[in-house]
Amino acid sequence: MLRSRIIGTGSYVPEKVLTNRDLEGMVETSDEWISTRTGIRERRISAGETASGMAARAAKAALKAAGLSAKDIDLVVVGTVTAEMAFPSVACLIQAELGIKAGAAAFDVSAACSGFLYALDIADRYLRSGGAGKALVIGVDKFSNLIDWKDRSTCVLFGDGAGAAVLSAEKGSRGVLSCRIHSDGRHWDTLYCRASRPDNPFEKGNEQPYLVMNGNETFKIAVRTMGQAIKEVMEDTGLKPEDISLLIPHQANMRIINAARERLKLPEERVYTNLDRYGNTSAASIPIALDEAVRDGKVKDNDIILFVAFGGGLTWASAAVRW
Ligand code: UT7
């Protein structure tokens, strides 16, 4: 039986650091409010970098870690909602930038903060069915482009970055054990960003294309859907909480992460968090955290890693992986 094994990870965050103190000078907020309500202390902001540029750096690092060349890749799936172009996709730009062979398949997936797990699920199905041998799965977002920097209720939450994983179809017990993706479009207006162009003369009354969020509602739905998603992959695999070596949740809010941790009764050291340094990087948050955990030596062969995410759409997703 073929499984999709993650054989290399990489990540990239922009150099520019925007601290809570910096934000105090931009909107009426405080380091105390941001850190106690969210757990975020600083985030990275891309100055002049594109989503595909950040993704390419993460992808190159992942290929290097996997010991592969770009020519080995058959499939590129990118989770993003902040591509620098309406088309082509970030995935096609990555294909050109890295020199991935012509004729490989490359496309983007729109699932906001669940984007990486959506991309992982799709790639996993291609690999297991023999449709591809090696896949590059990327999560990248540049939310600094979507944010209304005068809106304190959203501008303190997000940051930019990219994370990537190389997957290989292999026989054996290691790899993706279960992956589940879900959505409920009825709640689209809980968290959205219009793609309108306010200067189109034929479309009067276009809103500014800024991110809009009902924070309290998103919070409640996130806690509920993440709990359900975790339960699902545990049931699929027969895993018990004590089998989980590391939970890598979407990095949106420490209180949401703690709710997921408490549901599994996991000790703090078995949950990876880095949102204090990067804030919510949307589709990039899980692959950046995974790459850091791997580099920190927190992930060992045959460890069971659980991923869980939620985001605009609304979307939610989970995965269990034997490393
Ligand atoms: O990947 C998915 C992305 N989204 C999320 O994960 C967001 C999920 N939601 C959350 O994380 C939380 O709802 C927030 C962190 C966004 C907000 O926390 P909260 O505890 O739900 O606060 P709140 O929205 O109920 O606001 C409480 C107060 C309000 O003032 P009043 O009405 O009580 O006077 C806000 O105006 O805090 C005020 N406030 C702020 N104060 C200082 C809102 N934003 C700020 C701010 N600084 N940045």
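**Notes on cavity, sheet and pockets**

1. Starting with the inside: the lining of the largest cavity splits into 4 nonpolar and 4 polar residues, with no charged ones. Keep in mind that this is a predicted model. The search over the whole structure turns up 1 cavity of 30 Å³ or more, and the space in the largest cavity comes to about 30 Å³.

2. Who lines that cavity? The residues are Thr218, Ile221, Ala222, Thr225, Phe310, Gly311, Leu314 and Thr315. Two elements, α7 (215–237) and β12 (304–311), each give two or more residues to this lining. The largest share, 4 residues, is from α7.

3. Now the sheet that β12 belongs to. Its 4 strands make an open sheet with mixed pairing, in the order β8-β13-β12-β11. On average, neighbouring strands here are turned by 10° against each other, direction ignored.

4. A closer look at one pair: β11 and β12 run parallel and are joined by 4 bridges. Leucine 246 stands opposite isoleucine 305 of β12.

5. Two helices to check against this sheet. α7 lies across β8, β11, β12 and β13, and runs at about 145° to β12. Helix α5 (residues 115–128) lies across β8, β12 and β13 (315–322), at about 125° to β8.

6. The largest pocket holds about 750 Å³ of space. It has 29 lining residues, and Val81, Thr82, Leu146, Cys193 and Ala195 are the closest to its centre. By class, the lining has 17 nonpolar, 9 polar and 3 charged residues. Strand β9 (residues 191–193) supplies the largest share, 3 residues, while domain 1 (2–173) and domain 2 (177–322) each contribute at least three residues.

7. The second largest pocket has a volume of about 580 Å³. Of its 25 lining residues, Ser153, Leu157, Met213, Gly215 and Asn253 are the closest to the centre. Elements giving two or more residues to this lining are α2 (31–38), α6 (152–155), α7, α8 (254–264) and β12. The top contributor is α7, with 4 residues. Sorted by class, the lining has 11 nonpolar, 10 polar and 4 charged residues.

8. Where does the second largest pocket lie relative to domain 1 (2–173) and domain 2 (177–322)? Both domains give residues to its lining, so the pocket lies between them.

Definitions and conventions. Residues numbered from 1 in each chain as written. Predicted model: local features only at pLDDT ≥ 70, side-chain atom pairs only at ≥ 80, totals over all residues. Heavy atoms only, no water. 1 Å grid on protein atoms, 1.4 Å probe; cavity = no way out; pocket = protein on both sides within 12 Å on 5 of 7 lines; lining within 4 Å. Points joined across faces, edges and corners; volume = space filled by probe spheres on them. Nonpolar A, V, L, I, M, F, W, Y, C, P; charged D, E, K, R; others polar. Pairing = 2+ DSSP bridges. Axes fitted to C-alpha atoms, helices over the stretch in contact; angles between N-to-C directions. Contact = heavy atoms within 4.5 Å. Domains from an automatic or database assignment.
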